[in-house]
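User: I have a structure to look over before setting up calculations. Please take me through it in short steps.

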Amino acid sequence: MSVEIKVPTLGESVTTATVAKWLKKAGDTVAADEPIVELETDKVSVEVPAPQAGVLGAEVAKVGDEVEVGALLTTLEPGGAGAAKPAAKAAPAAKAAPAEKKEAPAAAPAAPAPAAKAAPAAAPSVDAAAALPAARKIMAENGLSAEQVGSGTGKDGRITKGDVLGFLSQPPVAQAPAAPKPARNDDPREERVKMTRLRRTIARRLKDAQNTAAILTTFNEVDLSEAMALRKEYQDAFVKKHGVKLGFMSIFSRAVIAALKEFPAINAEIDGDDVIYRDFVNLGIAVGGPNGLVVPVIKNADTLNYAEIEKTIAGFGKAAREGTLKIDDLAGGTFSITNGGIYGSLLSTPILNAPQSGILGMHSIQERPVAVNGQVVIRPMMYIALSYDHRIVDGKEAVSFLVRIKQNVEDPRRLLIDV
């Protein structure tokens, strides 16, 4: 009996995926737990494995199709090589099909009747034809039509759930007849490449954050002399004991966690007319992967020590490069850190990772002349930036929070005595 292979549960708030690539073809023999198809979600790529050994049936969902959780992808005939025998027996039945078709001409005159029924289907039932099921549901709840939402990003221009959510997040504007956008004349030297689902999602979420939050950024600079001396003095012992290097990310992470405990609004989020405060810290760390920037989350980071944080970040970096991050790795963040310094950035204004209310931007370390006790000295300096949601975080809180991070990094002993 055939086993149905369906789209698995994809994680928090993820209801659809795009078929990115079939790893196995119809008729291939596969082993249990062997990946057969790769799905691309709004956050990461997910490989769907075979539930047991057998022979794959026909592909129900094609590459580029958007599929919902629970949708049928393909079927599997259980068994190993022997599973191919039923397929072979089915061949004569397939050959018999042309014989049946030879009798079809006699019924040909009746064909126009169904054609007549097809005419009503051509009526402008735009919502049913142009939108995917998840998108249609949200459009119906909000009284939207496909014409209002516009062209979709799904296959053949179909409207996806993300398209509808993006439309709803836009501020209302006066309806005016829009002039048709002229077709772009591509230069022969240009190459047109369709955006991946992940890239579309990144673009939409960043723009949604700008449209929704009142984002403001404040800056400061940090003298890393003490942090660098700490690393130099204890690096060998740290590596010997923990098997991982002591980096700046764990030092900044611990500094951020201590500051968030002191300024809880920056670790909170707005939900409608309510503010949700938290007594824990799930710290998002932005890392670059082959498909774009992702922000895996260190769960309960406030309970971890320096070594545990370093090991977790190293694991996330490896998983991002190999494309093996799981949906749960990216969910539940309460505050984020991004380090543009690894790419040489001197200064930036990071964008919030909605619905979070704050994000810290680290930058490159440069030796610069600074005044210390009336003397000009050369110190390793880093600019840091805090972008925050001004709807929930006041300017005084934001500035004080960033100053506290500066103090914690410049004198790590403060973290030991909790001052």
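User: How many helices and strands are there in the chain?
Analyst: This is a predicted model. Buried residues make up 37% of the 419 residues in the chain. The secondary-structure count is 12 helices and 19 strands.

User: Which residue in β4 is the bridge partner of T18?
Analyst: Strand β2 covers residues 16-22 and strand β4 covers residues 35-40. They pair in the antiparallel sense over 4 bridges. The partner of T18 in β4 is E40.

User: Why is α9 described as oblique to α10?
Analyst: Helix α9 (residues 248-262) and helix α10 (residues 306-322) pack with their axes 9 Å apart. The crossing of α9 past α10 is right-handed. Roughly perpendicular ends at 115 degrees and roughly antiparallel starts over 145. α9 is therefore oblique to α10, at an angle of about 120 degrees.

User: How do the residues of the contact of α9 with α10 divide into nonpolar, polar and charged?
Analyst: From α9 come F248, M249, S250, I251, S253, R254 and I257. They meet Y306, I309, E310 and I313 in α10. The division is 7 nonpolar, 2 polar and 2 charged.

User: Where is P355, and what is omega for the bond that joins A354 and P355?
Analyst: P355 sits in the loop between β16 (335-339) and β17 (358-362). Most peptide bonds are trans. The bond joining A354 and P355 is cis, with omega of about 5 degrees.

User: Is D33 buried or exposed?
Analyst: D33 lies in the loop between β3 (29-30) and β4. Its phi is positive, about 70 degrees, although D33 is not a glycine. The cut-off for exposed is over 50%. With a relative accessible area of 57%, D33 is exposed.

User: What is the relative accessibility of N300?
Analyst: N300 is in the loop between β15 (297-298) and α10. N300 is a residue other than glycine with a positive phi, near 50 degrees. It counts as partly exposed, at a relative accessibility of 39%.

Conventions
Residues are numbered from 1 along each chain as its sequence is written. This is a predicted model: local features need pLDDT of at least 70, side-chain atom pairs count only at pLDDT 80 or more; totals for chains, interfaces and linings use all residues. Side-chain values use heavy atoms; hydrogens and water are left out. Two strands pair if DSSP finds at least two bridges between them. Helices (H or I, at least four residues) and strands (E, at least two) are DSSP runs, numbered from the N terminus. Axes are lines fitted to C-alpha atoms, for helices over the stretch in contact, and angles run from 0 to 180 degrees between N-to-C directions. Angles under 35 degrees count as roughly parallel, over 145 as roughly antiparallel, 65 to 115 as roughly perpendicular and the rest as oblique. A crossing is left-handed if the near helix is turned anticlockwise from the far one by less than a right angle, and right-handed if clockwise. Contact means heavy atoms within 4.5 Å. Ala, Val, Leu, Ile, Met, Phe, Trp, Tyr, Cys and Pro count as nonpolar, Asp, Glu, Lys and Arg as charged, and the others, Gly among them, as polar. Buried means under 20% relative accessible area, exposed over 50%, partly exposed in between (1.4 Å probe, protein chains only).
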